[in-house]
Amino acid sequence: MKLLYNIALYGAEFLLKILALFNDKIKLGVQGRRETFKILENQLTPNDKTLWFHCASLGEYEQGLPIFKHLRVDYPHHKIVLTFFSPSGYEIRKNTPVADIVVYLPMDTNSNAKRFVAMLKPELTIFVKYDVWPNYMHALKQYNLRAILISAVFRQEQPYFKFYGGLMRDALRTFEYIFVQNNNSKVVLETLQLHNVSVAGDTRYDRVTDQLRQDNHLPFVQYFKNESLCVVVGSSWPEDEALFIDFINSDRSQNVKFIVAPHNIKNAQITSFKKQLQKKTVLFSEKEGKILSEFDVLIVDSIGILSKIYSYADIAYVGGAMGHTGLHNILEPAVFGAPIIIGQNYHKFPEAFDMIAYGGVLSIANRFELDLTLSELIQNKERREHLGSLNANYIKKHQGAVNQIMNYIRK
């Protein structure tokens, strides 16, 4: 099985190089991985003590960030190496202050894994949620180095629990400890005789709670919103935006402002969306010199400010679940006490299940359901505020994962 896995990796690496000729995002990853060892050679010395944090992408980085911040303080004399697999994580957080070195993780070949681990010899490795790579884990085990997995979620249908998943199961067994988000994950791991497991919850609850302690004031949003009710459409994809076109253009949206923050900042996509809107619309990149209070729609063609924008939301719609790209972070608007609407494809996101059951998140399947749900929330202030308070209370109830994980690391 290991031989087949390694052959598949070389095949995947070759395929990515071909796809990079036609896809700019893939090209960034392919080019970035070529530079990893050169960067490490230039920035590490044999005497450096290191910690290694690995995140697949931006979402996992946000989950791990509260832990990373604590370890930055606890290990001031260590060099922290942060790796990403996806360009959507690396390109946005390559200058993060929680790490000394940020690089792409090379493909999980035997030679790459041995070389990488030999260069770092990290005193502690933290993988976030998933993206568990067998050869890297084996290399860590060979050097008898500590590794933990945090905020993990496991389901019976994953390869770990299939007849062909032996290599992945071995990778899991190399972790010194695994912190999972829910009890079901713990139960399925126990079927593999893995007992070094605790239900700590999701570190994202602590992460979004930190947002409340920050200055979330954005003057341009305040001027745009003015005294109107504000609907924030966050991390939207074209299928999400298509739902809103008729509603925004209709009379039902009078005295309501809309802020739309697309997940992908692509000019063609944003231009197409804007052309279909009949209400007065302004782009974030073109806001200077404009009287923002005169506009009905603000399209945020920028990244890094959505979490603050959510603090102005009377109603939030979070994208990704209307299609199959994956639901984005519903905890970010929830912490500010906003009622939340999402699409119907949320089944791989435990927090969505829980928050729908708790009452503060509403799932819709089509434009008709969006119209009914959004109209009701706009017209009914009492219901709007009730659902929002449910979400804020849910966040408060689920804090504490960071303390549990840090207590383990520090012992």
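**View A. V282 in its strand.** V282 sits in strand β10, residues 281-283; helices (H or I, at least four residues) and strands (E, at least two) are DSSP runs, numbered from the N terminus. This is a predicted model, in which local features need pLDDT of at least 70, side-chain atom pairs count only at pLDDT 80 or more, and totals for chains, interfaces and linings use all residues. Residues are numbered from 1 along each chain as its sequence is written, and side-chain values use heavy atoms, with hydrogens and water left out. V282 counts as buried because its relative accessible area is 2% (buried means under 20% relative accessible area, exposed over 50%, partly exposed in between, with a 1.4 Å probe and protein chains only). Leaving aside neighbours within four places in sequence, V282 is in contact with K287, K290, L292, F295, V297, L298 and I299 (contact means heavy atoms within 4.5 Å). F224 is 58 residues from V282 in sequence, and their C-alpha atoms are 9.9 Å apart in space.

**View B. The domain layout.** The domain assignment gives domain 1 as 1-201 and domain 2 as 218-397; such bounds come from an automatic or database domain assignment. Taken over C-alpha atoms, the centres of domain 1 and domain 2 are 33 Å apart. UniProt, in an unreviewed entry, lists residues 35-206 as "domain: 3-deoxy-D-manno-octulosonic-acid transferase N-terminal". UniProt positions are given in the numbering used here, feature names are shortened, and annotations may be inferred rather than shown by experiment. Over residues 35-206 the chain is 42% helix and 20% strand, with 34 Å between the end C-alpha atoms.

View C. The unreviewed UniProt entry puts the feature "active site" at E60. You'll find E60 in helix α3, residues 58-74. With 8% relative accessibility, E60 counts as buried. Apart from neighbours within four places in sequence, E60 is in contact with C55, V128, K129 and Y130.

View D. Most residues other than glycine have a negative phi. K129 is in the loop between β4 and α6 (134-142), while N144 is in the loop between α6 and β5. Is N144 buried or exposed? N144 is exposed, with a relative accessible area of 70%; K129 is partly exposed, at 21%. K129 also turns up among the contacts of E60.

**View E. T125 in strand β4.** T125 belongs to strand β4, residues 124-128. T125 has a relative accessible area of 0%, so it is buried. Setting aside neighbours within four places in sequence, the residues in contact with T125 are W52, L140, R146, A147 and I148.

**View F. The second largest pocket.** About 230 Å³ of space lies in this pocket, and 13 residues line it. Which of them lie nearest its centre? They are Y5, V132, P159, Y160 and M168. Helices α1 (2-19) and α7 (166-173) are the elements that give two or more residues to the lining. By class, the lining has 10 nonpolar, 2 polar and 1 charged residues. Here Ala, Val, Leu, Ile, Met, Phe, Trp, Tyr, Cys and Pro count as nonpolar, Asp, Glu, Lys and Arg as charged, and the others, Gly among them, as polar. On a 1 Å grid over the protein atoms alone, a pocket is an open set of points where a 1.4 Å probe fits, with protein on both sides within 12 Å along at least five of seven lines; lining residues have an atom within 4 Å of a point. Grid points are joined across faces, edges and corners, and the volume is the space filled by probe spheres set on the points.

**View G. F161 in a loop.** F161 lies in the loop between β5 (146-152) and α7. F161 counts as buried, at 13% relative accessibility. Beyond neighbours within four places in sequence, F161 is in contact with F154, R155, Q156, R169, V188, L189, T191 and L192. D301 is 140 residues from F161 along the chain, with 42 Å between their C-alpha atoms.

**View H. Helix α9 among other helices.** Helix α9 (residues 204-212) has 7 of its 9 residues buried, so it is largely enclosed by the rest of the structure. Those buried residues are R204, Y205, D206, R207, V208, T209 and Q211. They pack against α3, α13 (306-309), α14 (331-334), α15 (350-358), α17 (381-397) and α18 (401-410).
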